[in-house]
Structures are given as C-alpha cells and as structure tokens.
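The sequence and the structure are shown first.

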Amino acid sequence: MAYRKHTYYFQNSIEHAYKFAGRIGAKGEHRAKRKKPTPETVKRQNQINKENKYRHLLKANFLPGDCWVTLKYPAGTRKSMDAVKQDLALFDKRMRRDYAAHGEKWKWIRRVEIGKRGGIHIHLICNRIWNTELLIAKNWPGLSHHSEPVRDEEGFGQLASYLCKPLPEELEQESIFDPEEIKRASSLSSSRNLVRPEPEKKAYVRRTMKKIITDGPVARPGYYIDKKSIRIGINQVTGYSYVYYTEVKIQQTKRVIRAPGDDWPKLHRCNERKRRKCRK
C-alpha cells in the first residue's frame, strides 16, 4: 500500500508523520471505510490540527530559555477588546524599537484571555535577550507582568496545547463581552517575522508500516524517541491510518544570552582554553 511521510526538522527535535491507505500497516489491507464524521469528531480533529500548527511554529522560532510571559492589568480593571488591542499595538511598537537597538528582532506568539470574572490578561511567548524582562516592565501599559523561561523541548507541546485550548462554555454563555469579542479573545496572533515551517515530503509505494508498528521507531544517533509522542491509529475523518512520533535531541540547543559589551568570539576561545586545561 502507498503511504506518505512528512518530516519536520527543528533545532532540538524531528517530528515524523506517516499516513497510509492501510490498516495499521497490515499488508494487503485497504483503507478503512470512510464514515460521515460527527460534529464532535470534526471539532476534535480541528483542535488537533490547530495544536500541531502552533507547536511547529513554536519549535521553529523559539528555544528553551525563551520567555513565557503573562501580561496583566491591575485588579478590577475592565477594558474593551479594542482598548486591549491598542495597548498591545503600543507595546509591540516599543518592544520592536528596543530590540532593534540591541540588534535583535522582536518575535512573539500570543493569545488574549478573559478570566472568569471578566478580567483580561495576555499570554505571550517571545525570544529572550539579556534584558527582556526589564523591557517588558518598561513598555507594558498594564504595569504588571509575570515571566518564566521555557525549560525544555517538551515545553513547547504543552504551551501549544495551552494557547490553543477552547474557551470554557460558561464564558461563552455568561460573559459580559459580546460573542464577537470572545471570538477575538480566543484567536491567536503572531509577529510577521516568524519562520513558517514546511515538512519534507516523501511518498512510498509497495511498503508497509509493519516493522515500525511491531518493533517501534528507532532514534538516530544523538536523539531519543519521546515515548509520549508515539500515536498509532485511524483518522476517523479521512479513514487513513497514521503513525506519529518525535525524536528529541539529547544535548539540546538553548537560547544563548549575551550581555552588552561581551566579546563573544574572545569569550568562546577563553572557555575553550579552560576546558582543554582541565582535561590535562
């Protein structure tokens, strides 16, 4: 049976997606009979596609060590979505200016979220430079924020799920905002300078997935298989079988922060001499 393979390459991981017209790799089997999907099935599949899209976007543009930020307003503040949009536009303008002054580009993905009591806060991931937290504190009109680093490669999958999570039903039913404002709050936005990853595509014929199903995927040197990433099944919408898994780099690349005035090549050579001396 023919099958297609999509491979996404990132700095710290490689994602593999096999889709084929057979039943979990059994030779001679045919594509499962396609049934009319229920609204719940379509909704679930759309959610999976959305999380995959933003996980890839996060991995292609950010590294462990970058900033996961929550921008807040003082307690009791109630703003319209238009006012929040104006605050964010001013914030972006200031951050772009300050990052450019340091020779860096301001990159971000964010979502506006409405709390249970109607308060608004913004979740944001951005690339870190040496004084990112200071710049956020200076430039955010809301005067309050919380920041923490992304710790490892697995964190991007968790962030994608959080950013893409559906709105609570009670918010849609009881919110003080109108439906259009709620819809705008649930959507994600990003800076235009992000890399939009595309997979490497390959098509195979007269091959089966039996080996990968029975023996499991094998990692290349320097990587390990993320066991939690392995998914095998049949897509209820398309009727095609699939196998997904991720290889994760053992020694992960992290965000390198250089303070102003650092002579990076000189510092690197100095550290290399120290390591050689220790080996002796």
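## Aromatic contacts

In this predicted model, ring pairs join Tyr-73, Phe-91, Tyr-99, Trp-106 and Trp-140 into a cluster. The count of aromatic pairs comes to eight. One of them is formed by Tyr-8 and Phe-10, a stacked pair with 6.2 Å from centre to centre and 5° between the planes. Tyr-8 and Phe-10 are both buried.

Another pair is made by Phe-91 and Trp-140, whose ring centres are 5.7 Å apart. The planes of Phe-91 and Trp-140 stand at 85°, so this pair is edge-to-face, the cut-off for that class being over 60 degrees. Phe-91 belongs to helix H2 (residues 81–101), whereas Trp-140 sits in the loop between helix H3 (132–139) and strand S6 (144–149). The pair therefore ties together parts that are 49 residues apart in sequence. Phe-91 and Trp-140 are both buried.

A charged side chain also meets a ring: Arg-110 lies over the face of Trp-108, at 3.9 Å from the ring centre.

## Cysteines

The structure holds zero disulfides. For Cys-67, the nearest cysteine sulfur is that of Cys-126, at 4.5 Å. A disulfide is counted here when two cysteine sulfur atoms lie within 2.5 Å, and Cys-67 is in no disulfide.

Cys-67 is buried, with a relative accessible area of 0%. Cys-164 is buried as well, with a relative accessible area of 1%. Both values fall in the buried class because that class takes in residues under 20% relative accessible area.

## The largest pocket

The largest pocket has a volume of about 1,200 Å³. It is lined by 40 residues, of which Ile-48, Asn-52, Arg-55, Arg-231 and Tyr-244 are the closest to its centre.

Several elements each supply at least two residues of this lining: strand S1 (3–9), strand S2 (13–20), helix H1 (39–61), helix H4 (154–163), strand S10 (231–234) and strand S11 (241–249). The largest share, 10 residues, comes from H1. By class, the lining of the largest pocket divides into 11 nonpolar, 17 polar and 12 charged residues.

## The second largest pocket

The second largest pocket has a volume of about 400 Å³. Its lining consists of 16 residues, and those nearest its centre are Glu-104, Arg-128, Ile-129, Val-256 and Arg-258. Seven nonpolar, three polar and six charged residues make up the lining of the second largest pocket.

Asp-98 is found in helix H2. At 11% relative accessibility, Asp-98 counts as buried. The C-alpha atom of Asp-98 is 7.5 Å from that of Leu-135, and the two residues are 37 residues apart along the chain.

Pro-166 lies in the loop between H4 and helix H5 (169–174). Pro-166 is exposed, with a relative accessible area of 54%; the exposed class begins over 50%. Pro-166 and Ser-187 are 21 residues apart in sequence, with 9.7 Å between their C-alpha atoms.

How values were computed. Residues are numbered from 1 along each chain as its sequence is written. This is a predicted model: local features need pLDDT of at least 70, side-chain atom pairs count only at pLDDT 80 or more; totals for chains, interfaces and linings use all residues. Side-chain values use heavy atoms; hydrogens and water are left out. Rings of Phe, Tyr and Trp (its six-membered ring) pair if their centres lie within 6.5 Å; planes under 30 degrees apart count as stacked, over 60 as edge-to-face and the rest as tilted. Buried means under 20% relative accessible area, exposed over 50%, partly exposed in between (1.4 Å probe, protein chains only). Helices (H or I, at least four residues) and strands (E, at least two) are DSSP runs, numbered from the N terminus. A charge sits over a ring if NZ of Lys or CZ of Arg is within 6 Å of the ring centre and within 35 degrees of the ring normal. On a 1 Å grid over the protein atoms alone, a cavity is a set of points where a 1.4 Å probe fits but cannot get out, and a pocket is an open set with protein on both sides within 12 Å along at least five of seven lines; lining residues have an atom within 4 Å of a point. Grid points are joined across faces, edges and corners, and a volume is the space filled by probe spheres set on the points. Ala, Val, Leu, Ile, Met, Phe, Trp, Tyr, Cys and Pro count as nonpolar, Asp, Glu, Lys and Arg as charged, and the others, Gly among them, as polar.
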